[in-house]
Amino acid sequence: MGPRVPQSPPRAPAEPEPAAPRAPAPSAGRDYWDSVALQLSRRRSFRVALSILTLLYGLAIFAPLLASDRPYRLVAIDRGRHEQARLGLGQLGRSALDALEAGAPGAPGGFDSKARLAGLAARVRELSEHAPPAFDRELEALLGRFAAALSAPPAPPSLGALRADLERLLAELAAAPPAAAAVPGRGATGTASPAHPGGAGLQLEPYRRYPILEILSPTSLFLMGLWLSAASFPLWNRLWNRRLGGEPLRRRRARWAKAAVLVAPGLLLAAVFAAVAPGPASPFDSAPYKRGLTDGSLVPLEPPWLPPLPTGYAELHPEESFRPPTFLASSWVDEQGRALDPARRPRTDGPSGLVPPSTPVEVRYGEAQANAPHRHLLGTDELGRDLLVRLLWGARVSLSVGIFSALLLTAIGVALGALAGYLGGGVDLALMRLVEILQSIPAFFLILAALSFTDRSALPPMLAIVLVMALVRWTAVARLVRGEFLRLKQQEFVLAARALGFSGLRIAVLHILPNAMGPVLVSAAFSVATGILTESAVSFLGLGVKHPEASWGSLINESKSPEHWWVQVFPGLLIFLTVTCYNLVGDALRDALDPKARRW
Amino acid sequence: MFPTTLGIVLVVFGLYHAVPGDPATVMLGLGGGEGQATSSDQAARREALRRELGLDRSLWVQFFDYLGPFNLSRDGHPWFSSPYGERRVERRALPAGGSFVAGLPQEIAPLPGTPRAESEALARAAEALAQGGPEAEQAQGLLAGAGRRAFPALLTALWRRAHSPGARAAAEVQRLAGALEPLSGARVQPPAGFTSDPPQLALVEAWFGWYFTAGGGGRVRNSGERPFGGLLALDLGRELLSKRPVAGELWARLQVSLPLSLVAVLLSYGLALPLGIFSARRPGRLSDGLVTLLLFLLYSVPTFWAGLMAVLLFGKTGLDWLPVVGLASKDAASLTPLGRLWDLCLHSVLPVFTLTYASLAYLSRQMRSGLLEVIESDFVRTARAKGLSEGRVIYVHALRNALIPMVTLVATILPVLIGGSIIVEVVFDLPGMGKYAYEGLLRRDFHVVMGTTLLTGVMTQLGILVSDLLYTWVDPRIQAA
């Protein structure tokens, strides 16, 4: 740009200005989007709604970290696995040696010996995890000798030596029972190994693992980074603007840089994670960690770092089926697991006077006691899964379906509307006919019909819902964009662009479209709200996301009985909250984007 | 309206076939893994369902069969082609001159209306006859007694042996042909000098040629069903399982849904207009702010959740003020007519409320903003300047102009109302059209879904039409074209 600083006072009129003259007032140079942003930031309802939405999105994005049955950090000894590996090594080794001594048909180098070798190698790997480093070399050597023996059968004396070595190693690897006071809370029961009846044995080395990483993926890391930079945006944006000074032009140019900064932390985190972390496990795989910690086969040497809500997404507690929120007195149970509240107690069988059997509540490692108020803050569903945890994870489904369907439908609507509006004529006519047909079927009906006809196994339900909602609801946006295009096509800047020789596509996309985007943004905000409502209604009717995924609507579907009010009230409250916030955002956008709107 | 309705049929039909997944697979709930039937039994069941539903016909045939006004063959094929392929008849020129009518041998389905037990018995009899064992006599008697219904069995048996080499197959074919002659009263022989490989193929082709031309197997004409049907004949098809006509069921259900929807529309307009006027007369004051806030919150409540909360609040576990299930109490029959009416009203309160509140919120917001805009205009200022009372200014002058856009909103809220009726009827267990559609959707019953979608589409278009007419009536500036 020219060397002139925009804020300098106006020169004497006689002096020619080679560059475009700029008005001296500091508010000049503020473009349409600047004033939109200003108006938005002034509206309290918009700020409140946006904060609540940011919070909800943060809860959804960080749900794997907030609510999971896997610890963040675990320094422990898996005694159960170690013992199993030891016994397995013994069995496999002995059977291999027996086969070799007997000259069994399993030909060396054939499938039999390959399988045996693979099994031995797996056991050796598991053993070396906990065995002290001194044993690693011995185990490797043993494995090597077995490999050699299996590939070319050696003489019997060397087999005898191998067998002796194997037995010796196995005896030495028998683990000692852990110190009783190693971990506060649950102490593991130690069994004396047969080789060391006095209880002394091998002191195993613990491993240090970060099991939480198994349910994270580069995508979720990217979203976490994005959320962190977006949530702190007001802060660093203000600092950045202060560094830039008051010139709107510099601020406008910094927009690209700011967008890059918004996206960069997420990308960085995702890249680092993809390079470093272990392969992902599905969040629905039951993790053995909690089970091992509970029954004592996994002995932690330091207290494991547990997530705030130490219950898994799909973790079942069948004995706690349909338990009310635990901060209510009506949810308390006695030691046998029977409800203390007489209204919840199952009726005794009349003639026989027998009471149905009940199972005591199982308090697993890291969980609160059976009647603690924070055990199940929002109650449980039919299989005893914690509702609060499922709400957090369900937020991921509901919110993402809302956003993606809105994005897709806006894209389709803008494209088709621009096409119809710019080209006019036959294309316009055909498209408007299509819009009319689609709009005369209630959208909800059409969505339900499309979803019911779809084969569930052919398309994942979430993708199906997003696609169907986008393909049914694009008509309103298309009509809007078409109207804008028809209006803007007559303006002079279009004529000028055409005179300059720009192609139709360029005019439509670069010149007309940015001016038509205002109503589209408003409609997009409202579309997210409608999308969330529709998705929850569809899931409530059973045609939406299926187990094991859950969205807020399908959580409400768990029970329609009025007795289980918590299953219906809490997910609905969250839906209501989200939709209200999006409606507020849409309202604020509408008022800010319309230059003629009056503010009451 | 007619092209749009046709378009609706096209859209639903296209959806039915275009979405991923084979309709028959979805209906049987067989989808597993890659969406293919994972065992031969499942594949057979799927094929049988496809044939029964007519899904193995070409898409155009299916579409026009649904559209009508002619019924295309009920045994799953267009009336001009045969069940298992083409009934091809060839005239073959003979070397010595003349021609020979030869038919393409194929499996012939039993005549429609033949009970399954009988067709199986005839098939067994044909086989027994062919093998010429001790039961051949009995089989012949059975076949002779069956008359025309024996032809498919005999011809199918002929087809099975048409291409088998060997003397035994030829002998069996001779026996079958021998049985066919008295039944048909025709002597069919391959012409002299015409040989085929295997030798009995010529005879078989000759018999098939006879059957397809003179024997009555040439056309499958509507199989005894009505020749007319389909949408253009106002026939909406039958349900898949219960075989009840969809149209009759829809009519019964409509008598439940339509009054509820009408009451909801009237109520939402009736409440929204006063609320909007009330809000617009006090812009910016506390009462306006509160009302606006309340309506805004109401607008964001999901319909099904509102229904569920209403059930929780007013049902048996809550205040127990209102009944929450169905449209009539269990003992409704014992009440007096007035008592029944009151019972009906009590049952309708919560469903109507759930249907109304969303449109109420939307309409009153529109009313408020529309009236505020009108109040700003010049003629209102003039009216006030003339000294008219505020009431007259608002209600006589401003309101009429503000009502005009409200009238067009009928077209907007009607689809929402009809779509929302599914949820309301499911939550409150009302025997209405929405519940019918929902059950059809769960069963993937094409005729039910198509019928209800068509009906709602037609109702929506009628609503648009009504709102357009009202608009031309209300706004004197518009001339109805």
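At what angle do the axes of helix α1 and helix α18 of chain B cross? In this predicted model, local features need pLDDT of at least 70 and side-chain atom pairs count only at pLDDT 80 or more, while totals for chains, interfaces and linings use all residues. Residues are numbered from 1 along each chain as written, chains are lettered from A and ligands numbered from 1 in written order, and side-chain values use heavy atoms, with hydrogens and water left out.

The axes of α1 (residues 2-18) and α18 (residues 446-474) of chain B come within 10 Å and cross at roughly 150°; axes are lines fitted to C-alpha atoms, with angles from 0 to 180 degrees between N-to-C directions. The two helices (DSSP runs of H or I, at least four residues) are therefore roughly antiparallel, meaning an angle over 145 degrees. On the α1(B) side, the contact residues include B:I8, B:V12 and B:F13, and on the α18(B) side they include B:M450, B:L454 and B:V458; contact means heavy atoms within 4.5 Å.

Over in chain A, there is an open sheet of 3 strands in the order β2-β1-β3, with antiparallel pairing. Strands are DSSP runs of E, at least two residues, and two of them pair if DSSP finds at least two bridges between them. β2 (207-209) and β3 (298-300) of chain A sit at the edges with a single partner each, so one side of each has no neighbour in the sheet. Strand β1 (residues 74-78) of chain A is joined to β2(A) by 3 bridges, and A:L74 has A:R209 as its bridge partner in β2(A). Helix α4 (residues 79-101) of chain A packs on this sheet, touching β1, β2 and β3 of chain A.

Conventions: Parallel < 35°, antiparallel > 145°, perpendicular 65-115°, else oblique.
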